[in-house]
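Please consider the structure shown below, with attention to its strand pairing and its pockets.

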Amino acid sequence: MASIRQTPLTCSGHTRPVVQLAFSDVTPNGYFLISACKDGKPMLRQGDTGDWLGTFEGHKGAVWSATLNRDATKAATGAADFSAKLWDALKGDELHTFNHKHIVKSVDFSPDGSQLLTGSNEKLLRIFDLEKPDSAPKEFSGHTSHIRQVLYTKDGQKIISASDDKTIRVWDIHNQEEVRKIELADNPSSLELSNDGSILVSTAGNKVCFFDIDKLEKIKQCEVPTQVNSASLNPSKTLFVCGGDDFKMYKMDYNSGLELESFKGHFGPVHCVRFSPDGELYASGSEDGTLRLWQTEVGKTYGLWKCVQPDEIVSNNDSSHNPET
């Protein structure tokens with residue numbers, strides 16, 4: 001049988017590099033995808049099709065981070081205008097602005113959606129109580145350089161940060177103390193928790209590393225033939241995808257670390273990749289200003305992809321999906 005060619009769905013609308021992506025959990029209305037972009041206008045899309053649903057307007061600078069709570073009712077963004085914002089994801093309304101003293105590079109909701117975590121170029125992590133948004137946040141200090149990314153553990157008891165000081169640090173929320181520091185050879189470029197919360201995925205240099213979240217010990221490390229900017233582990237934990245400076249997407253076997261396939265899908269470095277919550281597709285964002293959606297199992301009828309023949313896969317938009325904005 002002839003090999004099946006991967007045909008991505010291309011989602012346009014942004015005018016500058018797309019730097020971060022996040023999916024919601026599966027909801028009664030499907031799942032959703034939010035994108036952070038240097039054009040200052042984060043966008044919300046239907047996750048399985050890429051259909052544009054709305055744009056969050058209010059930031060006055062590049063948006064570096066965007067995320068959704070589990071049921072996709074709220075969104076949060078962090079930007080170069082020294083602020084993080086909370087949004088109503090159903091109506092698109094801005095609910096609150098959390099002012100900082102420097103660029104906010106990363107935001108994350110607590111698992112129960114009651115708190116917002118931020119990481120900034122102030123070298124600080126902050127936790128804001130969304131039920132009392134004007135109250136003083138908890139602050140976590142210790143990093144000696146800009147913070148790249150922050151996230152909550154699945155149980156909501158700890159937070160994790162990656163910084164340009166070449167460390168990944170784990171913090172206890174209750175006593176506000178650092179409980180673990182992982183030193184790296186290169187600046188970490190991204191963090192992700194596996195779908196079940198058991199594995200921490202990090203990228204630095206040309207390496208993708210996997211850590212056991214309970215013991216905080218390295219499980220394995222895989223090398224990629226380029227500076228890698230982002231990686232994502234499939235919910236099945238059988239494969240992962242990553243992308244970086246050579247414009248390529250790499251699909252790798254998680255157990256062996258061997259490359260399954262690679263293909264050029266963007267016209268610029270790949271800044272972010274994420275698997276959907278059901279693992280059926282993954283999304284990528286690039287310097288070229290586009291998002292692309294890729295099938296995990298090429299040839300399967302899913303979303304806008306229609307399997308016509310066993311050896312042929314096409315999308316019903318002829319490989320280019322351009323929602324109106």
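Predicted model: local features only at pLDDT ≥ 70, side-chain atom pairs only at ≥ 80, totals over all residues.

Residues are numbered from 1 along each chain as its sequence is written, and side-chain values use heavy atoms, without hydrogens and water.

An open sheet is built from four strands in the order S1-S28-S27-S26, with antiparallel pairing. Strands are DSSP runs of E with at least two residues, numbered from the N terminus, and two of them pair if DSSP finds at least two bridges between them. At the edges, each pairing on one side only, are strand S1 (9-11) and strand S26 (270-275). Strand S27 (residues 281-286) and strand S28 (residues 291-295) are joined in the antiparallel sense by five bridges; here alanine 283 stands opposite leucine 293 in S28.

A pocket is an open set of points on a 1 Å grid over the protein atoms alone, where a 1.4 Å probe fits, with protein on both sides within 12 Å along at least five of seven lines; lining residues have an atom within 4 Å of a point. The largest pocket has 36 lining residues, with Phe23, Asp25, Thr67, Asp108 and Leu193 nearest its centre. Elements giving two or more residues to this lining include strand S2 (18-23), strand S18 (188-193) and S26.

The second largest pocket is lined by 16 residues, and Val19, Trp64, Arg148, Ser189 and His271 lie nearest its centre. S2, S14, S18, S22 and S26 each give two or more residues to the lining of this second largest pocket.
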